[in-house]
Amino acid sequence: MYQKEKTQLDEILSPISDHILKTNEKLLENLSKENQTIREIAKYAVFSNGKRLRPAFVFLFAKMVNSDITYKHYLLAQVTELIHIASTIHDDVVDNSPTRHHQPSVFKQWGIKEAIISGDFLLAKAMTLLSQIENSKLISMFSKITEELCSGELQQLMQTNNTPTLDEIIEKSKRKTAMLYIAAAKGSLFVSDADKEALSKAEEFAKNFGIAYQITDDLLAYKDDYEEKSQFSDFENKIFTPVSFFACEENPKIMLMTSYEEFQNEIKKTNALEKTNLLASQYINRAIDSLSFFEDNIAKQTIINLTNYIKERTI
């Protein structure tokens with residue numbers, strides 16, 4: 001299923017495929033300068049079948065406001081991807097997740113210490129590249145983003161074995177997932193010298209897109225042909241998602257189950273999946289509505305296609 005999803009994404013993002021390819025080349029060039037161990041781990045993490053959605057945001061939002069793509073956009077694309085990958089390396093350690101994109105996670109491949117250090121290294125590399133853009137607004141924004149990412153992870157840990165409200169679950173998704181999409185979209189418009197209203201609409205879109213993406217990611221685990229580990233990790237760590245939240249409204253004991261198979265079967269007996277699908281649709285619609293501010297062009301249509309796709313992949 002993952003390869004099918006990757007192929008569909010490649011088709012949707014074909015208008016910017018050259019920019020994504022060049023970003024990959026620049027990432028490889030920057031990571032090749034390090035010592036052998038760091039270089040090996042970093043390359044493994046960065047080039048393990050990532051979707052490059054955050055760099056895609058950088059190029060699509062620039063093109064949507066008819067901006068030329070400059071070296072600053074390529075730096076920003078690398079920054080967003082490196083921060084994302086650093087956060088996933090650390091998340092896998094915290095969640096004890098054995099795989100990432102159907103391959104062994106970094107800590108399973110090399111060890112916990114190596115994973116933490118390599119995650120820190122990628123974050124430091126991102127900050128080095130960010131400084132080369134020489135934009136104080138961007139530096140301030142990304143400082144806030146990294147703070148929010150850490151806050152979201154801590155919030156998730158604190159919710160373990162406690163039943164959060166739906167608003168708290170959504171806020172966690174905003175911090176852990178949406179904030180980096182916001183950084184990619186707004187950062188691109190900063191570099192493109194867009195006006196304040198465009199920045200506001202970009203933030204509104206990216207927030208709703210990121211939340212919807214996380215919700216649909218949670219839903220994917222309940223597809224019969226889905227093989228990724230994320231939902232099992234959430235179950236094992238007693239982390240609430242919208243699916244388990246809605247299920248608990250009908251069956252309060254569902255998170256006390258010890259068998260993952262039993263847990264999945266009980267989930268499917270409730271209306272949780274339908275309610276979660278509806279919730280995702282609400283955020284997707286909000287995201288698309290916010291794009292009405294921008295003029296129609298190929299980049300805007302590509303963003304709309306991408307937004308619709310994240311919903312369609314759960315059907």
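**Close-up views of a predicted model**

View 1. The buried residues of α14 make contact with α9, α10, α12 (242-250), α13 (260-269) and α15 (298-312). Helix α14 spans residues 272-290, 19 residues in total, and its first and last C-alpha atoms are 27 Å apart, close to the 27 Å expected at 1.5 Å a residue. A272, L273, T276, L279, A280, Y283, I284, A287 and S290 are its buried residues. Viewed down the axis of α14, these buried residues fall within an arc of 135°, so they line one face of the helix. In general, residues three or four places apart point the same way because an α-helix has 3.6 residues a turn. On the face of α14 turned away from the buried side are the exposed residues L278 and D289.

**View 2. Charged groups over tyrosine rings, at Y283 and Y74.** R286 lies over the face of Y283, 4.6 Å from the ring centre. Y283 is among the buried residues of α14. At Y74, the charged end of K26 sits over the ring, 5.9 Å from its centre.

**View 3. The aromatic pair of Y44 and W110.** The count of aromatic pairs in the model comes to 14. In the pair of Y44 and W110, the centres are 5.0 Å apart and the planes make an angle of 75°, an edge-to-face arrangement. Y44 belongs to helix α3 (residues 36-46) and W110 to the loop between α6 (106-109) and α7 (112-131), so the pair ties together parts 66 residues apart in sequence. Y44 counts as buried because its relative accessibility is 19%, under the 20% cut-off. W110, with a relative accessible area of 24%, is partly exposed.

**View 4. The aromatic pair of Y181 and Y213 and its ring cluster.** The ring centres of Y181 and Y213 are 6.1 Å apart and the planes are at 55°, so the pair is tilted. Y181 lies in helix α9 and Y213 in helix α10 (residues 196-220), and the pair links these distant parts of the chain, 32 residues apart. Y181 is buried, with a relative accessible area of 0%; Y213 is buried as well, at 9%. Ring pairs join Y181 and Y213 with F57, F61, F205 and F209 in a cluster.

**View 5. The largest nonpolar core.** This core holds 100 residues, of which F57, F61, L122, L138, F142 and F205 touch the most other members. Helix α9 (residues 166-191) supplies the largest share of the core, 13 residues. Leaving aside residues up to four places away in sequence, L122 touches L31, A42, V46, L82, I85, A86 and I89.

Definitions and conventions
Residues numbered from 1 in each chain as written. Predicted model: local features only at pLDDT ≥ 70, side-chain atom pairs only at ≥ 80, totals over all residues. Heavy atoms only, no water. Core = buried A, V, L, I, M, F, W, Y, C linked by side-chain atoms within 4.5 Å. Buried < 20%, exposed > 50% of the residue type's maximum accessible area, 1.4 Å probe, protein only. Helix = DSSP H or I, 4+ residues; strand = E, 2+ residues; numbered from the N terminus. Contact = heavy atoms within 4.5 Å. Phe/Tyr/Trp six-rings, centres within 6.5 Å; stacked < 30°, edge-to-face > 60°. Lys NZ or Arg CZ within 6 Å of the ring centre and 35° of its normal. Expected span 1.5 Å × (residues − 1). Arc of directions from axis to C-beta.
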